[in-house]
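Dear colleague,

I am handing over the structure below, and my notes on it follow. Please read them with the model open beside you.

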Amino acid sequence: MGAQTPERLERFLKRYREWDDPTGETPPYMYGTHYSSAMIVVSYLVRLEPFTQQFLKLQGGHFDCKNNMADVKELIPEFFSLPMMFFNKNNFDFGVKQNGVALDDVILPAWAKNDPIEFVRLHREALECDFVSSHLHEWIDLIFGYRQHGECAIEGHNLYHHLFYEGNVDFDAIEDPLTRNATIGFINNFGQIPTQLFKKPHPQKKVQYTENYSNTPGVTTQRLFYHALENLKPPQTPFRELKSAVGSIIITDKNQVIVLEQNKILVSPTKFMSWGFPDRSIRMGSLDSDKSTCVLETCDNTEMTCVACVDVRTIVSGSTTGTITVWALSEKLPKLRVKKFLNAHTDAVTALIACSAHTVLVSASRDTTAILWHMSTLSFIRQLRPHPGPVSAVAINENTGDIATAAGTYLLVWTINGQLLSIVNTVEVSTISSSIIISLAFTTLNDWDVENVVLCGTNDGIVKMYSQTMVETEDNSIKVPDCRSLNKEKIACAADLHERLNLQRGRLRGVNPTSTHTYYGKSLDSMSAKSFSESQSTSPEPPESPFTMLTEDSDEIFEVITSQHNSFSGDRRWQRVLVLRTTLTTHTAFAKKENPQPAPITCLTPSRDHKSLFIGDGVGRVWLWTMGPPGGSYGVDNSRLMCSNCKQKLSLAERRYCCKNCGQNFCSKCSRYESDVKVLKVTKPARLCQSCFARLKNPA
């Protein structure tokens, strides 16, 4: 671990060969410093609390500014998971180096574009590359394996000071208290070799994928659905159908797919909870029978708008007044008890989502804010703002902690620490569109993959996929038009259509339509820039992120995203933006016989292996999109043995062809037309049937 270069290794070997201890207490060794210790860890994390205070304790109360970093150090796991360790967000005074340079944020290499998130992602990508995977067993042999001790350690140039090895020192046998304390302090400050786990060479990692994919040279992974979006195959029939709108799709560890309607959540592997009844009650039911087994009276005058399950004993609900109620649920005897009220929102809560991996709860509201709560202490953490309108959907990436929020047609991506990463308007600003985002999801299988997508489901039956990428810009800031600068006609159109959508949902659920609260119930055109700024100034928490500010110029309001950590080269810098990858519309937004009206996309869930995508809509259907064969053509439906147009029998003599637009089978004569299919992102002219060809050539 400490050799690094042949020159350094020769110096260590010379020390080992020429070692001579007159007392005989210290045997020869190669490395006098350990690769991992408490001091090394806190020195890496010195910019973050509580590691700053721990560093000061070990350093006697002051920051030690070293110019020579000649120690043998191993990268800690936070280099692959914690971008915030490179920020001096608390503005600590670390002093000035001998060359006059003040220490502040970590200066990252140019290949990281001076972006800590990109730096960590590239570290993760390098950790998963083919070279590291093929040599990983050698590192295990040095740290935990047979090359840790004895002659094998000498042959592998891996011999450390004898006090670094576990069990080499018997503290009880040291009678001199000064010597005992000095030995303990030596081990605490310089580290200790971990326990040896393997006595034989560790086998080499061998991974065989059924479909290899590589978007970066030297990094091979399994081919996932977002790697080949042009090959996603639309289903012929729904995967599952419910009586009303799909609320959630849960995939268990055993790959069992559980689909629940809106106003239902899963509280245990076999039980669900439902709400939204006229008597304001909460009902427990069994998944096997899909019937209510218990009715719990809440005695609450306010209406529940959303519910989230923290664990089997804790339920969180949002209300029309903006209050979030934390309930304690008894497992043996179904009983609800109010645990705590969380008050911060000033309008109805529209969405709740809990993330056990990061112990946070995110709530969204019609008051244009989203708030993070700590699930263990049930306390306020921070507020995500500003949003250009009422927040309609929230999603959390369980691997990275990134948070996606939606406000009208806008999609925003934040870090878990409240930093706004990117924002995009999912519709053209110049068009009048009611395509409001009502569902969100992340792909999470390989969080280091640059092609990961954020999925957005809209109320007009369209699924949009965005990827975050770094682009080089010339301006010092990127201006994104704010939703509030839209004219009154556009806002009124969107509000009216969304109102009708919520009324339809209410009829599907069988509740009173007049009690349904819409996201745009509060007029957006009444929210001026002045009132918006005043609402921020009276917020319970000051702005956490320096990346957002509001300005006025020529009667237009812009949201200016700037970053003090971006890399500047003259007038050019790197900016993280959301880029549209593709849209899925078949069987939802297209006016087909089986679907005459667009159905809103209410739920999005990737499969566990990320080779398929589950899409739930507002009329109770679940569609399963899967990857077709490479090349963009759909698979053949063997159940149909005749041409869909002329009814000619299809056989070996008369080959069947698949129309790339409608997916039906035709003979060669009826499918001889070719045209670009922009909706499915086909890069070359695709084979089409006569009706699809005519419709694409003449949309009117």
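Asp402 is buried, with a relative accessible area of 14%, where buried means under 20% relative accessible area, exposed over 50% and partly exposed in between, using a 1.4 Å probe and protein chains only. This is a predicted model, in which local features need pLDDT of at least 70 and side-chain atom pairs count only at pLDDT 80 or more, while totals for chains, interfaces and linings use all residues. Residues are numbered from 1 along each chain as its sequence is written, and side-chain values use heavy atoms, with hydrogens and water left out.

Asp402 lies in the loop that links β19 (391-396) to β20 (403-407); strands here are DSSP runs (E, at least two residues), numbered from the N terminus. Leaving aside residues up to four places away in sequence, the contacts of Asp402 (heavy atoms within 4.5 Å) include Ala395, Trp414, Phe442 and Gln468.

Strand β25 (residues 463-473) has 8 of its 11 residues buried. This strand pairs with β24 (residues 454-458) in the antiparallel sense over 4 bridges, pairing being assigned if DSSP finds at least two bridges between two strands. Gly457 stands opposite Val463, and in the hairpin, with 4 residues between the strands, Gly461 has a positive phi near 80 degrees.

A further hairpin is formed by β5 and β6, with 5 residues between them, and Asn255 in its turn has a positive phi of about 60 degrees.

Best regards
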